[in-house]
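Subject: Handover of a structural model

Dear colleague,

Please find below the model that I am handing over to you.

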Amino acid sequence: MHDPYPQAPSLRRPGRPGRGGGGDPVRQWPQGRASASYTTCGDRIRVAVRGELDLRSGDRLLDDLRAALAGSTRGLDLDLGGLDFCDCSGLNVLLDLRRAALEQGKTVVIRTSNPVIDRLLTLLGAQALFAAPRPERAEPVTVRLRSPSAGSGRALTPGRT
């Protein structure tokens, strides 16, 4: 029987120059396979994902990402610059990972992306879900100072004289 939805060809071409600028060929992964490498950076783990993130590779990769998340103190920083393909199944992997992080009081931040991921997140309005948290602003603090000559103190707010 004829398959009306043939498998799309891989975006990886043999002999394509590496991203590092060294001119070495990129390692060829079997079609439909994503891989990840992990580096500990303080209280976070940096994860570099390469290849194609789709239905075939998503479940296996999600298990690995959840294990990395569990091993981190504050969460994961994702480098998705090496992804050649990401479909809705791959996006679900990222969203499931984010949900798991929130349940643990952690974050998942996309630190490095590429046009494929940027377009997917932009179309869905999901960029903010993976953005780095903003530093919290401190509330103004009132400090009471006592003058040696006066018995009562006066209130000062930082930044005002």
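**Overall architecture**

Contacts between residues 24 or more positions apart make up 60% of the contacts in the chain with a separation of 6 or more, a contact being heavy atoms within 4.5 Å. This is a predicted model, in which local features need pLDDT of at least 70 and side-chain atom pairs count only at pLDDT 80 or more, whereas totals for chains, interfaces and linings use all residues. Residues are numbered from 1 along each chain as its sequence is written, and side-chain values use heavy atoms, with hydrogens and water left out.

The secondary structure of the chain consists of three helices and six strands. Both kinds of element are DSSP runs numbered from the N terminus, helices being H or I with at least four residues and strands E with at least two. Read from the N terminus, their order is β-β-α-β-α-β-α-β-β.

Of the 161 residues of the chain, 32% count as buried. Buried here stands for under 20% relative accessible area, exposed for over 50%, and partly exposed for values in between (1.4 Å probe, protein chains only). The accessible surface of the chain comes to about 10900 Å², and 53% of it belongs to carbon and sulfur atoms; the areas come from the Shrake-Rupley method with a 1.4 Å probe, and for residues only the protein chains shown count as cover.

**The sheet and the helices across it**

Four strands form an open sheet in the order 1-2-3-4, with mixed pairing; two strands pair if DSSP finds at least two bridges between them. Strand 1 (34-41) and strand 4 (107-112) stand at the edges with a single partner strand each, so one side of each has no neighbour in the sheet. On average, neighbouring strands of this sheet are turned by 25° against each other, direction ignored. The axes are lines fitted to C-alpha atoms, for helices over the stretch in contact, and angles run from 0 to 180 degrees between N-to-C directions.

Strand 3 (residues 75-86) and strand 4 run parallel and are joined by five bridges. Within this part of the sheet, L78 stands opposite I110 in strand 4.

Helix 2 (residues 88-103) lies across strand 2 (44-53), strand 3 and strand 4, and runs at about 175° to strand 3. Helix 3 (residues 115-124) lies across strand 3 and strand 4, at about 105° to strand 3.

**The nonpolar core**

A nonpolar core is taken as a set of buried Ala, Val, Leu, Ile, Met, Phe, Trp, Tyr and Cys residues joined through side-chain atoms within 4.5 Å. The largest one has 28 residues, and those with the most contacts inside it are L76, L78, L80 and L97. Strand 2, helix 1, strand 3, helix 2, strand 4 and helix 3 are the elements that give two or more residues to this core. Helix 2 gives the most, with six residues.

Leaving aside neighbours within four places in sequence, L76 is in contact with R44, I45, V47, L65, A68, L69, L97, T107, V108 and V109.

A search of the whole structure finds six salt bridges, each defined as a side-chain nitrogen of Lys or Arg within 4 Å of a carboxyl oxygen of Asp or Glu.

One of them joins the side chains of R74 and D43 (3.3 Å, N to O). R74 lies in the loop between helix 1 and strand 3 and D43 in the loop between strand 1 and strand 2, so the pair ties together parts that are 31 residues apart in sequence. R74 is partly exposed at 47% relative accessibility, and D43 is partly exposed at 29%. The loop between helix 1 (55-71) and strand 3 also holds S72, which is buried at 7% relative accessibility. Not counting residues up to four places away in sequence, S72 touches D43, I45 and K106.

A further salt bridge links R111 and D77 (3.2 Å, N to O). R111 belongs to strand 4 and D77 to strand 3, so this pair ties together parts that are 34 residues apart in sequence. R111 is partly exposed at 44% relative accessibility, whereas D77 is buried, with a relative accessible area of 9%. Salt bridges that share partners join R44, D77 and R111 into one network.

Yours sincerely
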